[in-house]
Amino acid sequence: MASSSDVTSSADNTPENPVSGSVSEASEASEAFETPDGPARRGRVRARRAAVMAVPATLVAGALAVLTAEGALGVQFAISGMPFTVTATELNGTGFEQFGGLDEMAPGSPNAGDTDGQVLVVTSAIKNATLTKLCQSVDLGGTNLLITAGGGAEKVSASDLTTDSTELSGDAAFTNIEIGNDASTLTKAGVKGPIGVFSQQADTVRIANLRQTNYATTAGVFKLPGLKLRFSSTGC
C-alpha cells in the first residue's frame with residue numbers, strides 16, 4: 001500500500017478495515033450497560049474510547065481518511081459541537097501525522113445530543129502547510145458564515161497546523177509514508193498521540209480538491225492573504 005518514495009490513493013484500491021469487528025463490539029458493549037432507566041453514560045463513553053483504539057488510517061477512493069488528535073493534543077479548548085466545512089483547490093505540507101481521538105464539548109452544550117458531548121475525530125497534524133483558494137463555512141441555520149482567502153498570487157500558509165475532522169476527501173499523495181505507527185512514537189510534525197493508537201506519518205503530503213468536515217482547527221501561525229468574511233446563502 002505504501003512505498004518509500006510516493007503513495008497515491010486510488011478509488012479501485014480501497015483497503016478493508018481490519019478492525020471493523022472491534023467497532024461493532026464496542027457498540028455492543030455500550031448496549032450492555034443499558035438499564036431500565038436508559039443507557040448508562042459509562043457504557044457510551046467506554047464504547048467510544050474502544051472505537052478510537054480501533055480506527056485505522058486508510059486511503060479511500062482517491063481521498064485521505066484522516067485520524068485526528070486527542071482533544072488535549074489537537075484541540076486545547078471545548079468545541080462548540082457545530083461542524084464547519086473547509087475546502088481548498090490544493091494543500092501542500094511537510095511533516096505530516098494523523099491519528100484518532102475524541103473532542104469534548106462544554107458541559108451542558110445544547111449540541112451534545114446523545115453523544116455525552118464527545119465527537120470521535122481524526123487529528124491531522126502538519127508542521128508547515130500552504131493552501132490555495134481556501135474556503136471555510138459554518139451553517140448557522142438559514143445562512144452561512146463564509147470565509148475565503150488565498151485566491152490571489154499569495155497562498156494561505158500555516159505552521160503547526162492541526163485539524164480535527166470527521167470527513168476528508170481529495171486526491172492525496174505522500175512521500176516516505178509510514179502506516180501503522182503507534183501514535184505515541186510519531187516524529188514528523190512534533191505532535192505525539194495516545195499510546196496504543198493506530199497512526200500514520202509522512203515527510204510530505206499533497207491533497208488536490210481538498211474538502212473537510214471539521215470540528216476544530218489550531219495553528220501556531222495562520223496567514224490568510226486576501227481574507228474576506230461575509231454571510232452567504234450558500235456554503236463552501
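Residues are numbered from 1 along each chain as its sequence is written, and side-chain values use heavy atoms, with hydrogens and water left out. Because the model is predicted, local features need pLDDT of at least 70 and side-chain atom pairs count only at pLDDT 80 or more, while totals for chains, interfaces and linings use all residues.

What surrounds the largest pocket? Its lining has 21 residues, and V86, T163, Q212, T217 and F222 are the ones nearest the centre; to count as lining, a residue must have an atom within 4 Å of a point. The elements giving two or more residues to this lining are β6 (84–104), β7 (118–132), β8 (134–139), β10 (156–175) and β12 (198–218). Strands like these are DSSP runs of E with at least two residues, helices are runs of H or I with at least four, and both are numbered from the N terminus. The top contributor is β12, with 6 residues. By residue type, the lining splits into 15 nonpolar, 6 polar and no charged residues.

M82 sits in the loop between α3 (71–74) and β6. Its relative accessibility is 32%, so M82 counts as partly exposed (buried means under 20%, exposed over 50%, and partly exposed in between, with a 1.4 Å probe and protein chains only). V138 lies 56 residues from M82 in sequence, yet the two C-alpha atoms are 7.8 Å apart in space. V138 belongs to strand β8 and is buried because its relative accessibility is 16%.

How many salt bridges does the whole structure have? The search finds 3, a salt bridge being a side-chain nitrogen of Lys or Arg within 4 Å of a carboxyl oxygen of Asp or Glu. One of them pairs R206 with E90, at 2.6 Å from N to O. This pair links distant parts of the chain, with R206 in strand β12 and E90 in strand β6, 116 residues apart. R206 counts as partly exposed because its relative accessibility is 37%, whereas E90 has 18% and so counts as buried.

Another salt bridge joins the side chains of K127 and D160, at 2.9 Å from N to O. K127 is in strand β7 and D160 in strand β10, so the contact ties together parts that are 33 residues apart in sequence. K127 has 34% relative accessibility and so counts as partly exposed; D160, at 37%, is partly exposed too. The place of D116 is the loop between β6 and β7.

K188 and D203 form a salt bridge too, their closest N and O atoms being 2.6 Å apart. K188 is in the loop between β11 (178–182) and β12, and D203 is in strand β12, so this pair ties together parts that are 15 residues apart in sequence. K188 is partly exposed because its relative accessible area is 25%, and D203 is partly exposed because its value is 27%.

In strand β11 itself lies I179, which is partly exposed because its relative accessible area is 30%. Between I179 and S199 there are 6.5 Å in space, C-alpha to C-alpha, and the two are 20 residues apart in sequence.

Technical notes
1 Å grid on protein atoms, 1.4 Å probe; cavity = no way out; pocket = protein on both sides within 12 Å on 5 of 7 lines; lining within 4 Å. Nonpolar A, V, L, I, M, F, W, Y, C, P; charged D, E, K, R; others polar.
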